[in-house]
Amino acid sequence: MLRIFALPFLTLMIAFIFAEFDQPEFESTKAISGSVYPEHLTGAFTGGFGEETCRSCHFDYDLNPDGGSIVVSGIPTELSAGESIEISITVEREDIGAAGFQLSARYEDGTQAGQFFVEGDDRLMFSNDVPDSLQYVQHSSKGTSPSGENKNSWAIRWQAPDSTKGPVIFNIAANAGNGDQSEFGDYIYAKEFQVSQ
């Protein structure tokens, strides 16, 4: 009779012990993923061509809320074949703790237009988990740190293709974050620019 009651009790105790041993590993994994949250942006989130923006995760507020902005300069209204331009991006909002962005340049059919260059700037990187034929340039982990009071800025070089294939569409989404390494309390901005060739 004692064996009948002892077997379920021992099974329960063994399961409890293993659950206790597994718990610290879970907590450790959670802490690690939180500490690298700025690098968590993988995939396409520019808001163009049916894509989501950063709001797919940072959803507390409406898109393009008052009280902040994304300013993109250097994109002309018309491009010449092979032209090289420098694009400046600035995200502004009071009490920014971290900020990031993602930018693409495509033709109307969704194919890559021109080429971005980020070499030598450790505040920039190309996104992974996107089609090999496309370039999505974005902040790196280091590039999330504010570059000034209430703002973060980046500069990117883009070169137009040698032969024209129609208008180029630049899509950008940016996050003015509070820096708490969560998806809460952050403000998302997005813009689209269409440039004739």
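This is a predicted model: local features need pLDDT of at least 70, side-chain atom pairs count only at pLDDT 80 or more; totals for chains, interfaces and linings use all residues.
Asp122 is partly exposed, because its relative accessible area is 45%.

Asp122 takes part in a salt bridge with Lys142, and their closest N and O atoms are 2.9 Å apart. The two partners come from distant parts of the chain, 20 residues apart: Asp122 sits in the loop between E4 and E5, and Lys142 in the loop between E6 and E7.

How many salt bridges does a search of the whole structure find? The search finds three.

Another of them joins the side chains of Asp109 and Lys165, with an N to O distance of 3.3 Å. Asp109 belongs to the loop between E3 and strand E4 (115-117) and Lys165 to the loop between E7 and E8, so this pair ties together parts that are 56 residues apart in sequence. Lys165, at 47%, is partly exposed.

I turn next to Glu51 and Arg106, whose side chains meet in a salt bridge at 2.7 Å, N to O. Here too distant parts of the chain are linked: Glu51 is in the loop between helix H1 (2-35) and E1, Arg106 is in strand E3, and 55 residues separate them. Are these two residues buried or exposed? Both Glu51 and Arg106 are buried.

What does the side chain of Gln135 reach? It reaches the backbone nitrogen of Phe116, at 2.7 Å. Beyond its neighbours within four places in sequence, Gln135 is in contact with several residues, including Leu103, Ser104, Gln112 and Phe126, as well as Phe116 itself.

Phe116 leads us to the largest nonpolar core, which has 31 residues. Those touching the most other members are Ile87, Ile89, Phe101, Leu103, Phe116, Trp158 and Phe170. Two or more residues of this core come from each of the strands E1 (68-73), E2 (84-93), E3 (98-107), E7 (151-159), E8 (168-177) and E9 (187-195).

Finally, consider Phe170. Apart from its neighbours within four places in sequence, Phe170 is in contact with Ile87, Leu103, Phe116 and Trp158, among others. Its contacts also include Ile75, Ser104, Ala105, Lys191, Glu192, Phe193 and Val195.

Definitions and conventions
Residues are numbered from 1 along each chain as its sequence is written. Side-chain values use heavy atoms; hydrogens and water are left out. A nonpolar core is a set of buried Ala, Val, Leu, Ile, Met, Phe, Trp, Tyr and Cys residues joined through side-chain atoms within 4.5 Å. Buried means under 20% relative accessible area, exposed over 50%, partly exposed in between (1.4 Å probe, protein chains only). Helices (H or I, at least four residues) and strands (E, at least two) are DSSP runs, numbered from the N terminus. Contact means heavy atoms within 4.5 Å. A polar contact is a pair of N or O atoms within 3.5 Å; within protein, one must be able to donate a hydrogen and the other to accept it, and residues adjacent in sequence count only if both atoms are side-chain atoms. A salt bridge is a side-chain nitrogen of Lys or Arg within 4 Å of a carboxyl oxygen of Asp or Glu.
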